[in-house]
Amino acid sequence: MSEPPADTSFPPETDFGAPIRVVLAKLGLDGHDRGLKIVARTLRDAGMEVIYLGLRQTADSIVAACEQEDADVIGLSMHNAGHLTLAPRMVQAVDHAGLDVPVVIGGIVPADDVATLIDSGVAAVIGPGASADEVVSAVKAAVDRQTDAQ
Amino acid sequence: MMSRDPLDELFETAGSGNRRALGKLLTMVEKRGETAAKVSERAHRDAGQARVVGVTGAPGTGKSTITGRLAAASGASRPAILAIDPSSPLTGGAILGDRIRMDNHVGNSAFIRSMATRGHAGGLAVAVPDAIRVLDAAGCDPIIVETVGVGQVEVSIAAAADTTVVVVTPGWGDAVQANKAGLLEVADIFVVNKADRPDARGARRDLELMLDLGHRSGWRASIVLTTAIEGEGIDDLWTEIERHTAHLRESGELIRRRCRRRRDEVADRIELELRDRVHQIIQNQSGEFALGRVDRNELSPAAAAELLLSTLTSDKPPEG
Ligand code: B12
Ligand SMILES: Nc1nc2c(ncn2[C@@H]2O[C@H](COP(=O)(O)OP(=O)(O)OP(=O)(O)O)[C@@H](O)[C@H]2O)c(=O)[nH]1
Ligand SMILES: [Mg+2]
C-alpha cells in the first residue's frame, strides 16, 4: 500500500481541507475481499482517507476503530448472505456507542432485502457492477446527510 | 459543574481514557488552523511525560507488526500508536493500512490512530508533533510512531522521537548501500526483522561492521533480531528501548534531544506558515498580475519573485 513519497511540487497542506475518513471492513468469516480492496482504491482516488481494517472484523472492533480514528462513515462489504443479521447489528452497535456514523453496505444483497436494510438504519446499499461514481456518491451522500442531521 | 471551557472538558475526558474524546482532539490538530493552535497550546501544558519511540524502515519490513506487538510488550496500561501512511499527491486521498497488522496483536489496550501525510514530505504528517503532544497530555505512554515506509531511510522521525528504531530485513544491505551514513545518524536501535528468513545473522554482521566504522559518542546502536509475526524478539526490543531511555535520562541527552525537538518545531512552524502565505500571495490579484507579466515575458521570474516577496513581508498574516 505504499506510494512514492510526496515531492516538493505538492500543494500546501491547507489545500486538503478535511478529507472524509472512512473505515472499511468485512464482518465475520466472509473472505471475499476483492470488492473491498477495489472500493478502498476508488475512495482513495476520490480524495478520502480510507482506514482499511480488512477481514474478520466484529461490530465491536469496527466501533473501536471508528472512535480512535474519528471516522465519518463505515463501509462494509458483505458476500456471505449474513447481511440481514450483521448489518442491523452493526447499526445498533454504532448507536449504542453513541456515534453519529452512517453505515454503507456493498456486496451481494438481494434486491428484496435492500428496503429491509434501509429500514434498519443502513444508509445505502451498493451492489455488484456499481461504478466508481456510484460508490463514491453513496459514501459522500451518507456523510452529507449525517452532517446535515446534526 | 458550571460552564467550563469545552476544550478543557474534552481534554479531561480524553485524559480519563475516553477514546472518542481523544480521537476528536486528534482530528482537531490534523485540521490545522485556529482550533488546532488552541488544542496544541492546551496540550503543551500537560505534555512532556511520555516516552516517544519512532519506528522507521523500508516498505514492508514489518514496522506495523512490530509496532503493534511492541505496544503490547511494553506492558503499559495506555500505550498509543500513530501510524503514518502517504497521501496520494494527485487526489489527497490515502489508504491507511497499518492498523490491519496491529489490531490482532495489541488487544484492546492500545490507542491506534492512522494518519495520512496530507502532502507533507519526509515520512511524517505535519500534525505529528501536535498529535504526540495531545496523546501525551491525555496520559498515553509510550507513544510509538510508525513512519511511512519509504525507499530511502527516513530521517525526520529522529527529530520527533526520543528513541528511533530502524527496521531492516535480511538482505537489506544493497538496498540502502548509499544511505548507510544516514542510517547511522538516526538509529538508536536496529531491528533485523523476518529473522525466520535466511541470513538474518549476515544482516546483523553487516550492521556490526558498519557500527564499527564509527558511531555517535555515548551510545552504540544496539541490534535486535525479531520475527515479528511470531512475536519473537519483541520483548528483547522493548528491553533495549528501556535501556536506551535510561541512557537518555542519565546522560542528559533526553533534555538535549527534547530541546532540539522544540527548536526544530519552531522553525518548521514558521516555514509552514510562510509556505501557506506564499501560496496565498501567488494566488491573489497582485500575484496573478505579476505571473501574467511573467507569462508575457515582460517581467523576469527573478524580478517577479522579488516583487511578490516584498508584499509577503509587508502583508499582515491572514485571519489576524
Ligand atoms: C471471486 C469470488 C470468490 C473468491 C473470492 C476472492 C477474494 N479474495 O475476494 C473465492 C474463490 C475465494 C470465493 C470463495 C467463496 N465464495 Co465466492 N464469489 C466470488 C465471485 C465470483 C465474485 C466476487 C467478486 O470479487 N466480485 C468483484 C467485486 C469487485 O465485486 P463486489 O464485491 O460485488 O463489489 C462491488 C459492489 O458490490 C460494491 N461494493 C462491495 N463492497 C462494498 C463496500 C462499500 C462500502 C461500498 C460503498 C460498495 C461496495 O462495489 C464493488 C465495485 O462495484 C462472486 C459472484 C459474484 N458475481 O459476485 C462469488 C460469490 C460472492 N461467492 C459465493 C460463495 C457461496 C462462495 C463460497 C462460500 C463458495 C464455497 N462453497 O466454497 C466461498 C467462501 C469463501 C469465504 N471464506 O468467504 C456466493 C455468495 C452467495 C451469497 N452471498 O448468497 C457468490 C455470490 C457466488 C454465487 N452466485 O453463489 N468466491
Ligand atoms: N516472514 C516474516 N514476515 C513478516 C514478519 N514480520 C512481518 N512480516 C510480514 O511482512 C509483511 C509486511 O508487514 P507490515 O508490518 O505491514 O510491514 P510495514 O513495514 O509496516 O509495511 P508498510 O507500512 O507498508 O511499509 C506482512 O505480510 C507481514 O505479515 C516476520 O518476522 N517474518
Ligand atoms: Mg506499516
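This is a predicted model: local features need pLDDT of at least 70, side-chain atom pairs count only at pLDDT 80 or more; totals for chains, interfaces and linings use all residues.
Local features are reported only where pLDDT is at least 70 and side-chain atom pairs only at pLDDT 80 or more, while totals for chains, interfaces and linings use all residues. Residues are numbered from 1 along each chain as its sequence is written, chains are lettered from A and ligands numbered from 1 in the order in which they are written, and side-chain values use heavy atoms, with hydrogens and water left out.

Chain B contains an open sheet of 7 strands with parallel pairing, in the order β4-β2-β5-β1-β6-β7-β8. Helices (H or I, at least four residues) and strands (E, at least two) are DSSP runs numbered from the N terminus, and two strands pair if DSSP finds at least two bridges between them. The edges of the sheet are β4 (111-116) and β8 (222-225) of chain B, each of which pairs on one side only. On average, neighbouring strands are turned by 20 degrees against each other, direction ignored. Strands β1 (residues 52-57) and β6 (residues 163-168) of chain B are joined in the parallel sense over 5 bridges, and V55(B) stands opposite V165(B) in β6(B). Helix α6 (residues 128-137) of chain B packs on the sheet, where it touches β1, β2, β4 and β5 of chain B; contact means heavy atoms within 4.5 Å. The direction of α6 makes about 165 degrees with that of β2(B). Such angles run from 0 to 180 degrees between N-to-C directions, with axes fitted to C-alpha atoms, for helices over the stretch in contact.

The magnesium ion (ligand 3) is coordinated by S64(B) (OG), D98(B) (OD) and E146(B) (OE) at 2.1 to 2.2 Å. Donors are N, O and S atoms within 2.8 Å of the metal (3.2 Å for Na, K and Ca); water is not among the atoms, so the site may look incomplete. S64(B) lies in helix α4 of chain B and D98(B) in the loop between β3 (94-96) and α5 (103-106) of chain B, 34 residues apart. S64(B) is buried, with a relative accessible area of 7%, and D98(B) is buried at 8%. Buried means under 20% relative accessible area, exposed over 50%, and partly exposed in between (1.4 Å probe, protein chains only).

The contact between the chains takes 39 residues from chain B and 36 residues from chain A. Together the two chains bury about 3,400 Å², 54% of it on carbon and sulfur atoms; this is the accessible area (1.4 Å probe) that two parts lose on being put together, summed over both. R20(B), I95(B) and R118(B) supply 22% of the area that chain B buries against chain A, more than any other three residues. The interface also holds 4 salt bridges, each defined as a side-chain nitrogen of Lys or Arg within 4 Å of a carboxyl oxygen of Asp or Glu. E49(A) and R118(B) meet in a salt bridge at 2.6 Å, N to O.

Over all chains the structure holds 32 salt bridges. D130(B) and R133(B) form one at 2.7 Å, N to O; both residues lie in helix α6 of chain B, 3 residues apart, about one turn of the helix. D162(B) forms a salt bridge with R261(B), with the closest N and O atoms 2.3 Å apart. D162(B) lies in the loop between α7 (157-160) and β6 of chain B and R261(B) in helix α11 of chain B, so this pair ties together parts 99 residues apart in sequence.
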